[in-house]
Amino acid sequence: MIENQVIAQIDVAVASKHLLESAAKNIQALLASAPSDLYLRVIDELVAAEQWDELNDRFYKTLEFGTGGLRGRTIGKIVTKAERGDAGAKDRPQFPCVGTNAMNFANVNRATQGLVVYAKEWQLKNKIDPLSPDYGAAKTRPKIVIAHDTRFFSKEFTGLAAKVAAENGCDAFVFDGPRSTPELSFAVRHLNATAGIVITASHNPPHDNGYKVYFADGAQVIEPHASGIIEKVNAIKSENYDPLSHDRQGKITTLGPDVDEAYMKRLETIVVDRGVLSHAKSLRVVFTPLHGTGAITLRPMFKRLGLNFEIVAEQETPDPRFSTVKSPNPENAEALTLGIGLAKKTNADIVIATDPDCDRIGVAVRDAHGEMKLITGNQIGSLLLYYRLKKFFELGILDEQNRSHAVTIKTFVTTDMQKVIPETFGVRCVETLTGFKYFGAKLEKYEDALPEEIRRKYRQTSEEETRAARLKYSSFYVFGSEESYGYSGADFVRDKDGNAGAIMFCEMAAYAKSRGRTVDELLDEAFAGLGYFDEKNGSIYFEGAEGADKIARLLESYTNNPPNEIADSRVTGITDFEKQTIRDVEGDVIPKQKMSIFELEDKTRIAVRGSGTEPKIKYYIFAQRRPEGGKFSAEQLQKIKSEIGQRLETVWKWLERDAYDRVAQ
């Protein structure tokens, strides 16, 4: 009776243009297959209160299972009484946000059902090389490793995913508490699993959560797995299913400390020169996990490496509200406020922050004047790359004979300095689309190029031995970086790794201190010799159903009506990643994506793309000045920094105005 009344009111709302037709269709489909009356009670409340905007946002589409999985609101803008349940007004709601476009039990269920179907079919059809570590998995039930961060409902979503996987015939391996995303990537490889899931929304606001999928190589899924999994997930129309008989179900296994220990042993090998760490006692480090998973690994790792560190006590405690920050995003200055405050009290040299799932780091450093300053994601990556290549050659690990077998990886929207640095050392730099899944694909390619007898035991072989093999037969991965504060220094993790990034940064900072330099002075040393590179990123947010349409139209306009001039400089070149066929330096075709790069006459470069995780369009502006001969003097460098900084601001203001003009058309 109530359901009929609700549907009647929905029909009236559609007729009066208050409710989108797509939202109404999705509401009715959800109610038709609802496993309990919770969904009806939530929708009834919102309809009775005429909260049409909320209903449109929750139901205008089904949360898309994209190439990275799911990400969306798990707590609605409006929390209904039914969702609040037994929880207090200031507590987390008892139930996650109801809606086809929300991150909730229904969508976690559907996603897991689809992943299981794909994993089982893949193992039956795929003829795995009998020398591959994946071979054993092909003869048994699929293994799925599941990890989660500290967010609202992360533990519950993990439990549900494990239950669905097991009842549908997969073995599920679940950590006994929150773990970082990079450890999940490592664990998939370490356990020779078929796939992995991590429940996280990274640095998104507290009301969000997500579901990321990894495949047997330990990397986030790319083609053909991505489309295959998406197809299977889209075919699941309901969270209802019939569990297999008990003898055909998989088992749920809780992972113990042995996986943590195996991961940390590999992390120790990320240090290039252990001698440099002998100076680490004088390096004072402040670390904050921003209420996330970072301290789980980095506290014991910093102790192992003998670092002199303190953790921001208020931010070590897991807190899904991230109550001490406006946003748990380590690239934002505000998120490092408490860390910088502690650094000032203790006279620390550096502050390192990790995001909730610990795949990214942000840092602040004490400059030559004794002040704490933030450095950008591009600068962090450039410093790490500069130091690691310099050290590899100094130690003789890389030389003129083998450097053609060394490789670094960056995204197209990462500073051009990270292309110039390896070129200076005679090392290959590969550029990819944004997303470490593309880095992972390259690392898998390099692994596949090794002789069979090496590949068979590759995951169990020491880093030193695999490095020698890669330098002899394939490609040795030195370092990878993306401008959004993600770094990687080895291939035992096939994703960006905040744990490894923090360790690499501490080693580099210890090296600078051993030379009597601050971190920013080491960066200026690189700028003076290689050239000055600076960047500015800007974003414009468009939320909800209407916002999604604006983002799509705006991206399309750059293809159909590109600018001829930007901020008084003529556009001399346009690269359209959706319509052009583009190959990287190794000859591999770059996947199609809605992204445009504009080259200007004054050597400024601008990239425009939609965010894959947030409702925004992103702009990346790059500027550089190269020395014509010799090096820039300190005075020249300061002048150039000022000039380029002003130019970047001018270009961004122009782009922002132009974007709103395009949307208004």
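**Notebook: cavities, a covered strand and ring pairs**

I began with the lining of the largest cavity, and found L555, Y558, T559, D576, E578, K594, M595, S596 and V608 there. Two elements give two or more residues to this lining: α22 (544-560) and β19 (595-600). Of these, α22 supplies the largest share, three residues. Helices (H or I, at least four residues) and strands (E, at least two) are DSSP runs, numbered from the N terminus.

A note on the source: this is a predicted model, in which local features need pLDDT of at least 70 and side-chain atom pairs count only at pLDDT 80 or more, while totals for chains, interfaces and linings use all residues. Residues are numbered from 1 along each chain as its sequence is written, and side-chain values use heavy atoms, with hydrogens and water left out.

**Cavities**

For the search I worked on a 1 Å grid over the protein atoms alone, where a cavity is a set of points at which a 1.4 Å probe fits but cannot get out, and lining residues have an atom within 4 Å of a point. Grid points are joined across faces, edges and corners, and a volume is the space filled by probe spheres set on the points. I get four cavities of 30 Å³ or more.

I sorted the linings by residue type, with Ala, Val, Leu, Ile, Met, Phe, Trp, Tyr, Cys and Pro as nonpolar, Asp, Glu, Lys and Arg as charged, and the others, Gly among them, as polar. The largest cavity has four nonpolar, two polar and three charged lining residues.

**Strand β5**

Next I turned to β5 (residues 208-215), and eight of its eight residues are buried (under 20% relative accessible area; exposed is over 50%, partly exposed in between, with a 1.4 Å probe and protein chains only). Both faces are covered, with D208, G210, K212 and Y214 on one side and N209, Y211, V213 and F215 on the other.

Which strands pair with β5? I count a pair if DSSP finds at least two bridges between two strands. Strand β1 (residues 70-73) pairs with β5 in the antiparallel sense over four bridges, and G72 stands opposite N209. Strand β4 (residues 195-199) also runs antiparallel to β5, joined by five bridges, and A195 has F215 as its bridge partner.

**E482**

I found E482 in strand β14 (residues 476-482). E482 counts as buried, because its relative accessibility is 3%. Beyond neighbours within four places in sequence, E482 is in contact with T411, T414, T434, G435, F436, Y487 and K496, where contact means heavy atoms within 4.5 Å.

**Aromatic pairs**

Rings of Phe, Tyr and Trp (its six-membered ring) pair if their centres lie within 6.5 Å; planes under 30 degrees apart are stacked, over 60 edge-to-face and the rest tilted. I get 21 aromatic pairs in the whole structure. For F105 and F153 the centres are 6.3 Å apart and the planes at 90 degrees, so this pair is edge-to-face. F105 lies in helix α6 (residues 105-125) and F153 in the loop between β2 (143-148) and α8 (154-167), so the pair ties together parts 48 residues apart in sequence. F105 is partly exposed at 25%, whereas F153 is buried at 1%.

I also noted a cluster of Y558, F598, Y619 and W652, linked by ring pairs.

Terms used
1 Å grid on protein atoms, 1.4 Å probe; cavity = no way out; pocket = protein on both sides within 12 Å on 5 of 7 lines; lining within 4 Å.
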